Amino acid sequence: MDEGLVALVTAGVGLVGALGGAAMGGLAAVRGARLGAETTARATIEQVRTQERAQHDHWLRDERKRAAVLMLEAYDRFTIAASNVTRMFDLEIEASPDVWSAYNASMNEIRRAYFPLRLLGPARVHQAARGLWQLIEEYHEGIEEWADGIMTATDETRAGWGTREEQQRYTLGRAHSDLIDAVSESLQGNHSVPRPN
């Protein structure tokens, strides 16, 4: 075989090899770019999800805090109104429809404040709020019983109502403290903190 022909064949094989190598390198580069783009896209999606979770958690924390504050403020107004009603029943202050009206308004406010707190949770806050709310409803039943029978009650009956109200007030105070503890734990993000005795 002629040396020129061998050189030409060798050059042709080299050219085919070079083109094949370039093509393989190009395919590898395209594949690498695609994998890099997919990795970047997955990282971006995960970052967006993380930001969405953080924003949702922040929103939920703010809503829980707002609901808890509403309930605690309503409770404060309720205790003042309830105290005025019992003082009115005990003739410590002058009887007035305004006292009874303020008490009923505070009961309605407690009921409105309870449900958002119940819906937003978490479970420990919901349980504490439910416990307080149920005790308030029981207290309210006692106040209504007292109001209905105040004109015909004996001194013994009045004393019984007063004793029951005093016991309920103490129980309400404990339930109020439980709610404050639950809300504090929730807002700190630690649902397993033990309560101090």
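**Exercise 1. Which helix has the lowest mean pLDDT among the elements of the protein, and which the highest?**

Solution. This is a predicted model, in which local features need pLDDT of at least 70, side-chain atom pairs count only at pLDDT 80 or more, and totals for chains, interfaces and linings use all residues. Residues are numbered from 1 along each chain as its sequence is written, and side-chain values use heavy atoms, with hydrogens and water left out.

Step 1. pLDDT is the predictor's confidence in each residue, from 0 to 100. The protein averages 81, and 80% of the residues score at least 70.

Step 2. Helix H1 (residues 3-89) has the lowest mean, 77. Helix H2 (residues 97-120) has the highest, 91.

Step 3. Over residues 190-197 pLDDT stays under 50. For this stretch the model has ten contacts (heavy atoms within 4.5 Å) beyond four places in sequence.

**Exercise 2. Describe the fold in terms of its elements and burial.**

Solution. Step 1. Helices (H or I, at least four residues) and strands (E, at least two) are DSSP runs, numbered from the N terminus. The protein has four helices and zero strands, and its pattern along the sequence reads α-α-α-α.

Step 1. Buried residues (under 20% relative accessible area, 1.4 Å probe, protein chains only; exposed is over 50% and partly exposed in between) make up 27% of the 197 residues.

Step 2. Of the contacts with a separation of 6 or more, 70% join residues 24 or more positions apart.

**Exercise 3. Work out how H2 and H3 pack.**

Solution. Step 1. Axes are lines fitted to C-alpha atoms, for helices over the stretch in contact, and angles run from 0 to 180 degrees between N-to-C directions. The axes of H2 and H3 lie 10 Å apart, at an angle of about 160°.

Step 1. Angles under 35 degrees count as roughly parallel, over 145 as roughly antiparallel, 65 to 115 as roughly perpendicular and the rest as oblique. H2 and H3 are therefore roughly antiparallel to each other.

Step 2. The contact includes Trp 100, Tyr 103 and Phe 115 of H2 and Trp 133, Ile 136 and Tyr 139 of H3. Its residues divide into 14 nonpolar (Ala, Val, Leu, Ile, Met, Phe, Trp, Tyr, Cys and Pro), four charged (Asp, Glu, Lys and Arg) and three polar (the others, Gly among them).
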